Amino acid sequence: MNAALEQGRRIIAVGTTSLRTLESVGRERGQQIEPGERRNELVHIPGFTFRVCPGLLTNFHLPKSTLLMLVCALAGRDLTLPPTSMAVQERYRFYSYGALCCAARPIFP
């Protein structure tokens with residue numbers, strides 16, 4: 001991962017716990033990922049600046065949850081909330097496996 005960061009390649013986290021861990025360690029170590037035990041106190045809300053992971057693969061998250069706020073912080077509310085509203089309206093089972101939501105920060109040339 002450190003080589004990818006040094007080369008400017010994108011790191012895509014699989015799961016919100018992975019994303020939180022990588023962002024926490026990257027902040028602490030100047031974007032270097034090092035093994036070890038640490039405490040993560042980051043709160044990801046809209047306006048948060050992601051430094052390590054510009055993308056995320058995760059499942060749908062419950063409305064009004066902190067995990068939904070994390071996805072909104074990464075991809076924006078306009079891209080995140082309509083599919084979540086549709087999932088509520090269609091009575092998706094949020095804790096079921098197989099519902100994939102991809103989030104990524106837009107990249108401009």
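Student: What share of the 109 residues in the protein chain is buried?

Tutor: The term comes first: a residue is buried under 20% relative accessible area, exposed over 50%, and partly exposed in between, with a 1.4 Å probe and protein chains only. In this chain, buried residues make up 36% of the 109 residues. Please note that this is a predicted model, in which local features need pLDDT of at least 70 and side-chain atom pairs count only at pLDDT 80 or more, while totals for chains, interfaces and linings use all residues. Residues are numbered from 1 along each chain as its sequence is written, and side-chain values use heavy atoms, with hydrogens and water left out.

Student: How many helices and strands does the protein chain have?

Tutor: Helices (H or I, at least four residues) and strands (E, at least two) are DSSP runs, numbered from the N terminus. The protein chain has four helices and three strands, and along the sequence they follow the pattern α-β-α-β-α-α-β.

Student: Which residues of helix 3 are buried?

Tutor: They are Leu68, Leu70, Val71, Cys72, Ala73, Leu74 and Ala75. Because seven of its 10 residues are buried, helix 3 is largely enclosed by the rest of the structure. Gly76 follows helix 3 and has a positive phi, near 100 degrees.

Student: Which residues other than glycine have a positive phi here?

Tutor: The general idea is that most residues other than glycine have a negative phi. Lys64, although not a glycine, has a positive phi of about 65 degrees. Lys64 sits in the loop between strand 2 and helix 3 and counts as exposed because its relative accessibility is 86%. Arg91 also has a positive phi, near 60 degrees. Its place is the loop between helix 4 and strand 3, and at 74% relative accessibility Arg91 counts as exposed.

Student: How many aromatic pairs does the structure hold?

Tutor: A pair of aromatic rings is described by the distance of the centres and the angle of the planes. Rings of Phe, Tyr and Trp (its six-membered ring) pair if their centres lie within 6.5 Å; planes under 30 degrees apart count as stacked, over 60 as edge-to-face and the rest as tilted. The structure holds two aromatic pairs. Phe48 and Phe50 form an edge-to-face pair, with 4.8 Å centre to centre and 75 degrees between the planes. Both Phe48 and Phe50 are buried. Phe60 and Tyr92 also form an edge-to-face pair, with 5.8 Å centre to centre and 80 degrees between the planes.

Student: Where in the chain do Phe60 and Tyr92 lie?

Tutor: This pair links distant parts of the chain, 32 residues apart. Phe60 is in the loop between strand 2 (55–59) and helix 3 (66–75), and Tyr92 is in the loop between helix 4 (77–89) and strand 3 (100–104). Phe60 counts as buried because its relative accessibility is 14%, whereas Tyr92, with a relative accessible area of 38%, is partly exposed.

Student: How many disulfides does the count come to?

Tutor: A disulfide is a covalent bond between the sulfur atoms of two cysteines. The rule used here asks for a pair of cysteine sulfur atoms within 2.5 Å, and by this rule the count comes to zero disulfides. Cys53 is buried, with a relative accessible area of 0%, and Cys72 counts as buried at 7% relative accessibility.

Student: How many salt bridges does a search of the whole structure find?

Tutor: A salt bridge is a side-chain nitrogen of Lys or Arg within 4 Å of a carboxyl oxygen of Asp or Glu. The search finds one salt bridge. Glu41 forms a salt bridge with Arg39, and their closest N and O atoms are 2.8 Å apart. Both Glu41 and Arg39 are exposed.

Student: Which residues is Asn40 in contact with, leaving aside its neighbours within four places in sequence?

Tutor: Contact means heavy atoms within 4.5 Å. With those neighbours left aside, Asn40 is in contact with Arg20, Thr21 and Ser24. Asn40 and Thr21 are 19 residues apart in sequence and 7.1 Å apart in space, C-alpha to C-alpha. Asn40 is found in the loop between helix 2 (16–28) and strand 2, and with a relative accessible area of 25% it is partly exposed.
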